[in-house]
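Visitor: I have a chain open on my screen and would like to talk it through. Could we go over it step by step?

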Amino acid sequence: MCRQKGTKPFYSEDVFGPDLNDEATSGQVSQERCPMTTPIIVGNWKMNGLSADSADRVKALLAALASQPVAGTEIVICPPFTQLALLAPQLKGSPVALGAQNCHMDEKGAHTGDIAPGMLTDLGVTHVILGHSERRRDHGEVDETVREKAVAAAKAGLTPIVCIGETEDQRQSGEAQDTIGWQIKGSLPDGFTGVVAYEPVWAIGTGLAATPEDIQTTVAFIRAELVRQFGESGKTLRILYGGSVDAGNAASILAIPEVAGALVGGASLKPDAFLSIIRAVPAH
Ligand code: PGA
């Protein structure tokens with residue numbers, strides 16, 4: 001997607017044209033979902049987890065949730081593909097849903113090494129992270145790819161969690177909002193009913209989360225863009241924050257009214273830290 005400079009906003013209809021969200025690429029959600037207002041905490045394990053430690057991690061999480069249940073928060077863990085089949089039976093009937101970290105946009109076919117959305121739902125997977133900055137960086141995923149995947153995921157009954165966020169350079173050069181605006185316009189298909197995760201790239205894995213003030217400002221911008229793009233339904237799409245969320249900062253981040261939850265990387269590998277984050281969700 002080429003980015004043209006002009007009068008703000010750069011990502012206006014004039015630049016993108018109406019074809020981006022045409023019916024051919026729009027995905028309708030078939031699966032029953034948690035209400036849009038339900039807070040959601042998502043653990044992104046990234047490329048971490050062998051059979052034994054994954055099972056242990058889930059066991060610890062479920063035991064803690066059994067002894068001290070959490071009501072009213074959607075909890076999702078996204079282990080690597082290789083652990084999905086192993087963990088699905090462990091999570092079945094539990095308060096923790098199973099998510100994947102990526103999927104292909106096709107239902108099947110000649111795509112060596114890829115995983116189709118239907119292969120995920122076949123295992124009991126209900127959510128999928130799409131367009132994470134590490135995939136955009138490592139695998140050249142662009143907004144259009146992400147959008148097509150979001151359509152395919154929704155069609156298969158998965159809840160897409162679409163990641164957006166600016167890099168340090170974009171932040172320093174004052175282009176954060178333009179970047180995010182383009183990503184929203186380009187990555188979210190018409191009829192999108194999934195989750196948006198705002199993850200400033202500079203905050204991911206650095207231990208330097210964005211400040212609550214900055215998160216509040218950016219999330220307000222994202223909300224305005226969602227309403228601009230989707231109208232009424234843009235008002236209720238859930239927006240998460242991700243980037244160095246940990247047990248220490250979760251409460252102040254999750255207290256921001258427009259923040260519906262968190263996408264948690266490193267801290268989701270430690271059951272105690274992940275539980276603290278889950279328990280930091282304010283009562284709704
Ligand atoms: P982090 O990762 O919590 O380790 O910063 C977040 C993410 O990349 O989703």
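This is a predicted model: local features need pLDDT of at least 70, side-chain atom pairs count only at pLDDT 80 or more; totals for chains, interfaces and linings use all residues.

Visitor: How many helices and strands does the protein chain have?

Guide: The protein chain has eleven helices and eight strands. Helices (H or I, at least four residues) and strands (E, at least two) are DSSP runs, numbered from the N terminus.

Visitor: And what share of the residues counts as buried?

Guide: Of its 284 residues, 45% count as buried. A residue is buried if 20 or more other C-beta atoms, placed from the backbone, lie within 10 Å of its own, exposed if 12 or fewer, and partly exposed in between.

Visitor: Which residues have the most contacts inside the largest nonpolar core?

Guide: They are V128, V162, L240, A262 and I277, in a core of 74 residues. The largest share of this core, seven residues, comes from helix 6 (residues 143-156). A nonpolar core here is a set of buried Ala, Val, Leu, Ile, Met, Phe, Trp, Tyr and Cys residues joined through C-beta atoms within 7 Å.

Visitor: Is helix 6 enclosed or open, and why?

Guide: Helix 6 is largely enclosed by the rest of the structure, because eleven of its 14 residues are buried. Its buried residues pack against helix 4 (117-121), strand 4 (127-130), strand 5 (159-164) and helix 8. Contact means that two C-beta atoms, placed from the backbone, lie within 7 Å. Just after helix 6, G157 takes a positive phi of about 100°.

Visitor: What about helix 9: which of its residues are buried?

Guide: The buried residues of helix 9 are I215, T218, V219, I222, E225, L226 and Q229. They fall within an arc of 120° seen down the axis, so they line one face of the helix. The arc is that of the directions from the helix axis to the C-beta atoms.

Visitor: Why would spacing like that give one face?

Guide: An α-helix has 3.6 residues a turn, so residues three or four places apart point the same way.

Visitor: What do those buried residues of helix 9 pack against?

Guide: Their partners are helix 8 (176-187), strand 6 (195-198), strand 7 (238-242) and helix 10 (250-254). Just after helix 9, G231 has a positive phi of about 70°.

Visitor: Changing topic, where is G43 found, and is it buried or exposed?

Guide: G43 is found in strand 1. It is buried, with 28 other C-beta atoms within 10 Å. G43 and G265 are 222 residues apart in sequence and 6.0 Å apart in space, C-alpha to C-alpha.

Visitor: Which residues come nearest the ligand?

Guide: Of the 13 residues around the ligand, N44, I204, G242, G265 and G266 come nearest. A residue counts as near when its C-beta atom, placed from the backbone, lies within 6 Å of the molecule. The shell divides into five nonpolar, seven polar and one charged. Ala, Val, Leu, Ile, Met, Phe, Trp, Tyr, Cys and Pro count as nonpolar, Asp, Glu, Lys and Arg as charged, and the others, Gly among them, as polar.

Visitor: Last one: what is the phi of S244, and where is S244 found?

Guide: S244 has a positive phi of about 60° although it is not a glycine. This residue is found in the loop between strand 7 and helix 10, and S244 is buried, with 23 other C-beta atoms within 10 Å.

Notes
Residues are numbered from 1 along each chain as its sequence is written.
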